[in-house]
Amino acid sequence: MSEIAGTKVLIVDDSGYMRQVIRKYLEPQGFIIIGEAQDGWEAIQMFDELRPDVVTMDISMKKMGGIEATKKIKEIEPKAKVIMVSALGEARFIKEAIKSGASDFIIKPFAEERLVTSITNVVKKG
Amino acid sequence: MVITQDQEEIKIFLDELEESLNYLDDAIMALEENPSDRENIEEIFRVAHTIKGSAGFLDLKNLVGLGHAMESVFLEFLNGNMAVSKDVIDTLLECKDAIKAIGKALGNNQNTESIKTEDLINKVNQFLQAANKKNGKSSDLVKKVSDDKSTVDDKLTDNIEVIPGTILVRLWISPNEMAPSIRAFLIQKRLSDIVEIVKQEPSEDALETEDFTTQYDREIRFWVQADVSKDEIKKAVSVDLIEKVEIHEEDEDESKEISKEKLKTEPTNEEKKQTAAKSKTDEIESSDSVRIPVTRLDVLLNLVGELVIANSGFVQIQDDIKNIIELSHLNRRVRDKTRELFRISGDIQELIMKSRLVPVGQLFNRFKRFVRDYSSKTNKNIKLVLSGEETEIDKKIIDEMIKPLTHIVRNSVDHGIETSDTRASMGKPAVGTLNLEASQEGNYINIIVKDDGKGIDIEKVINKAVTKGIITKEEGDNLSEEEALNLIFHPGFSTKDEVTDISGRGIGMDVVKRSVESLNGSIQIDSFIDAGTTMTIKLPLTLAILNALIVKVGVEKFCIPMSTIIETQKIDSKNFITIEGNEMVRLRDTIIPIVRLADIFDVSPDPNFVLNEEKSVIIVEYNESLVGLYVDEFLNRQEMVIKSLAEHFKQIDGVSGASILGDGNIILILDVHGIMKLFKGYKEKIVELRKQQKIDSERLKDDISKLKLFSKQQSFLKQSHIKEDDETDLIEESSYETEESTQKPKIKLYTKRQEEKPTTDQVETPEEVPVSEKSAFNDKEILETEPATLDDFDNEDEEIEEADYSDLPEEIRSRLELAEEMQNVNSIKKLHKLFEPENVNMLKQWLLQGNTRAIQGLQQLTGNSEIKVGQSRARRLSSDKTEILLKKLEESSQGMISFLLPILPLDGAIHFILTHNNASKIIKHMLKTLSLPDQEHFDLEPLMEVTNILGAAYTNSLTTVTEVMVEPGVPEILKGTVKIKEMIEGKVASGHFSLLYIENQFLWDEEDILAELLIMLPEIKVLQDNAV
């Protein structure tokens, strides 16, 4: 836990509930939620401003979706770590996101452990 | 070779060989087009390897040699030592042809060694040597790690390939991963960022295109060429949900075991062992399908036909006892069981017929090679474009269509498409296009052969026809374009004098037409000068079922295929005239000859038949002109299951087959061409023919009685039931067919609903299970124990037919076709299958899967593992029946909430409709699970997540079941009954949507949480409207 304590996470999700869930899972582990974005456009702004270590990215959002946002974020910072958070049935999108440079993906609904392990792996090993 | 092999074994080998060869044909040519398609090369390599292996068992030395030679070439391709060139491809195709010849010899019990392969193998060797010389090394053979190493057991079962110069990375995905293919995709991406992937399992394509619905092993393998360390590779693949990683570096010793000499020798024992192991694995992999000879299916179909008939006997019995047994409940039980039996046997019949269907691609693919060879032989450049290859049609029709279609294709490439130079000078693209298209249209499939060549010169056709004496000059002047074009179907007509290598000999278009018609199909020709020619062949889906008119002729009954009938007429006797001794009838403006079937078949008149002023005449077409068949009476139209006839029976002119009526009586199916053949002779030499006919008809009668006897022996039921020549039987039978079509065997796939279709209110609806009834069923049980509720479908509208564009003008049709492509009509059609009653199982499967996944999601979100699925009930709602749903919404005093999830890429939607109370209950639980504070004001926000997850569960399962890639769009929540109603009413009012309404019970702590699922899919006609 100590290794990852202090890791800065940006949560991107159009569902406030979902953002709450992620926050709820991560904060006790020592992650720092440095921001919450409600759509892709907001995500890009906040990424540029806050430079988080990891972004959890929802896929289907109004305004700008998660894939486009991921692409833009990777343009801003090629080393950015983005984890896609998505429901089943969006395989094509997830694959597209992976192609655009997403580091991992998590299928909703997920358990706390899944989210934490995924972020830990991504942060530790790139 | 010594032929001691079990014949059965050889047969299986030959069957497989044929399949492999068909595959090779395509694959090798595809390779020419796309030489860098590694996967294709690998697959060809595998197929060649399999051929070689199996041939080894049969001791077919020359076949083994060829297989090995091909294999070596592909290996060189794979290793990048040899470039794909036209010469090599030609040689490979020659090898393939030689293999085919050997197979043929084997099938005919001839000496396979007589087929010389040395030259061919030498040729291949030259290529190989050239490649090796160029690369300054010997060819590396892929070596399997399956020899006598210490790890033999482990490796033999795994059968892992070693690719020299690569590192093998094996990974195991955790079973907890719900989307293993995306996980594999992620690994692939991450690996490819740091190393070069030489090969992988599953293939890149598979990962790209397949959804996680694919159940491959959780192990994935990558063969990589790396300059990086093992650790770096390990790091790259260290993501969550990967259980185990193994990295194998190349074993130097093994890779050096290269055998250059092997090419000329037969396979070693060791190799044989490998292929044995391999083919064994293949067997296991494909064990979910078995080969069934078509003949066996025929027998099966025949037996089921008997079953259906036996069943109709039951109905009759039930009808008879109805009057005797007063105990109505008993009677009802008998009736119910009889109906059940009827339904089941109908289903079996349908299934067997379906299993005879094969994709038209099997037929089309033959032409790839043909067109390619033709192009290279002449200075024409022709591109073959196939579409609709997946359209399915009876195997027998495919077989029968090979020759006629070959002829048409030949005509197109030979006479139709011009040379590149000519085309260029005309401003056409130098490459000519030949389209082969197949599509389904109701009970028929259309095969279209379309070229963009020079078209048919109508003037020339007319002149030729006049010269050949087919028509007079005067007639020629008065022909319409269509009539003139149809002249090419006249016997002996040929538009080109010189005979070329490709076409111009053998059968003419008249034979093509005849062949198509003998399959109960039709052919139509359209041609525009300089723009090309289109041949449209319409064929029935199956030969096993015939839509026919039953007629009475004297004491006999015959059936006449509907496809041959132009119209039926009741004609007053005063319109019958005699011209030069020939009986004719006045029909509207024309006079047509009359053929009395009673004369042709020498049937005795029925003494009880009352002559009527109105004569029954069936108008048919023969050689482009109309003929009237005179019968006593039209009885009824019916779907007949065609019975196979004894060999000698098939030779009788005028009879194409037989069927059995519901009363067990045999009925002959008439063939118009044969009848006319008989009739022509009848006209010419009446006396002689009479004699001959007597013999024919005597034989016919003899056969009829034999068949009757046979059928009596076959079926005990018929024995007890048959009342030979009993008129009333048939009439009752037919009235039963028409009035009680719920009992009719279901052959829906092939038959459009008949006009006699009962209106829905006449049909008894199965008792409804009250939705509020509490149920402790789990999801699995419900769908197995309550299938009857899904039968609701039978009573709803069933008019989901393939879009029928045939009646539309060409211009609109082509625009529609374009629209189809653009708007995914095919996908919609596939999705619409869910609505079809015969696909109830598909629906069930979808619900089962969707429910299971939805429940998993709900359980996790709410932290309540007690949530279960209760009953599921589905029905199709036609637009006038939505009140059921709307009323339900209205009745709910609590107000409803709908989670609306668009189905992409279509304009469809899934609604998950809940009461307000239940929705808030779910939210409460969700918040509680996360120990979040309860809401002060009711806020639907958390439900977005439920929508996401439930929607994904159902759309994803939809993809699995229908194989149509659908994805959920951005979810919406419709709050309040009014809004939901408005939305549904809006869609319904547009008349553009099909609605599938599913009531699902989600049980939670002994309480019902009733949710309705509503699927809305755009109707196909919407697209038409948009396009037009």
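Q: How many residues of chain B are in contact with chain A?
A: The model is predicted: local features need pLDDT of at least 70, side-chain atom pairs count only at pLDDT 80 or more, and totals for chains, interfaces and linings use all residues. Residues are numbered from 1 along each chain as its sequence is written, chains are lettered from A and ligands numbered from 1 in the order in which they are written. Contact means that the C-beta atoms of two residues, placed from the backbone, lie within 7 Å. On that basis 29 residues of chain A meet residues of chain B, and the count for chain B is 33.

Q: Which element supplies the largest share of the side of chain B that touches chain A?
A: Helices (H or I, at least four residues) and strands (E, at least two) are DSSP runs, numbered from the N terminus. Elements of chain B that each give at least two residues to this side are α7 (180-194), α33 (840-862), α36 (941-962) and β28 (967-968). The largest share is eleven residues, and it comes from α36(B).

Q: How many residues on the side of chain B that touches chain A are nonpolar?
A: Ala, Val, Leu, Ile, Met, Phe, Trp, Tyr, Cys and Pro count as nonpolar, Asp, Glu, Lys and Arg as charged, and the others, Gly among them, as polar. Eight residues of this side are polar and eight are charged. The nonpolar residues number 17.

Q: How many residues does the largest nonpolar core have?
A: A residue is buried if 20 or more other C-beta atoms lie within 10 Å of its own, exposed if 12 or fewer, and partly exposed in between; C-beta atoms are placed from the backbone. A nonpolar core is a set of buried Ala, Val, Leu, Ile, Met, Phe, Trp, Tyr and Cys residues joined through C-beta atoms within 7 Å. In the largest one, A:A43, A:V55, A:M57, A:I83, A:M84 and B:V237 have the most contacts inside it. The size of this core is 122 residues.

Q: Which domains of chain B give at least three residues each to this core?
A: The element that gives the most is α36(B), with ten residues. Domain bounds come from an automatic or database domain assignment. The core draws at least three residues from each of domain 2 (166-249) and domain 5 (807-1027).

Q: How many residues are in the second, separate core?
A: Among its members are B:M401, B:A438, B:V551 and B:I660. The second core has 87 residues.

Q: What is the order of strands and helices in chain A?
A: Chain A has five helices and five strands. Read along the sequence, the pattern is β-α-β-α-β-α-β-α-β-α.

Q: What percentage of chain B is buried?
A: In chain A, buried residues make up 52% of the 126 residues. Chain B has 1028 residues, with 38 helices and 31 strands. Its buried share is 36%.

Q: How far apart are the end C-alpha atoms of α15(B)?
A: Helix α15 of chain B has twelve residues (366-377).

Q: Why do the buried residues of α21(B) line one face of the helix?
A: Helix α21 (509-518) of chain B buries B:M509, B:V512, B:K513, B:S515 and B:V516. Seen down the axis, these residues line one face because they fall within an arc of 160 degrees.

Q: Where in chain B is the cis proline B:P202?
A: Most peptide bonds are trans. The bond from B:E201 to B:P202 is cis, with omega near -10 degrees. B:P202 lies in the loop between β4 (196-201) and α8 (204-209).

Q: Is B:L241 buried or exposed?
A: B:L241 is not a glycine, yet its phi is positive, about 70 degrees. The residue is in the loop between α9 (230-236) and β6 (242-248) of chain B. With 22 other C-beta atoms within 10 Å, B:L241 counts as buried.

Notes
Expected span 1.5 Å × (residues − 1). Arc of directions from axis to C-beta.
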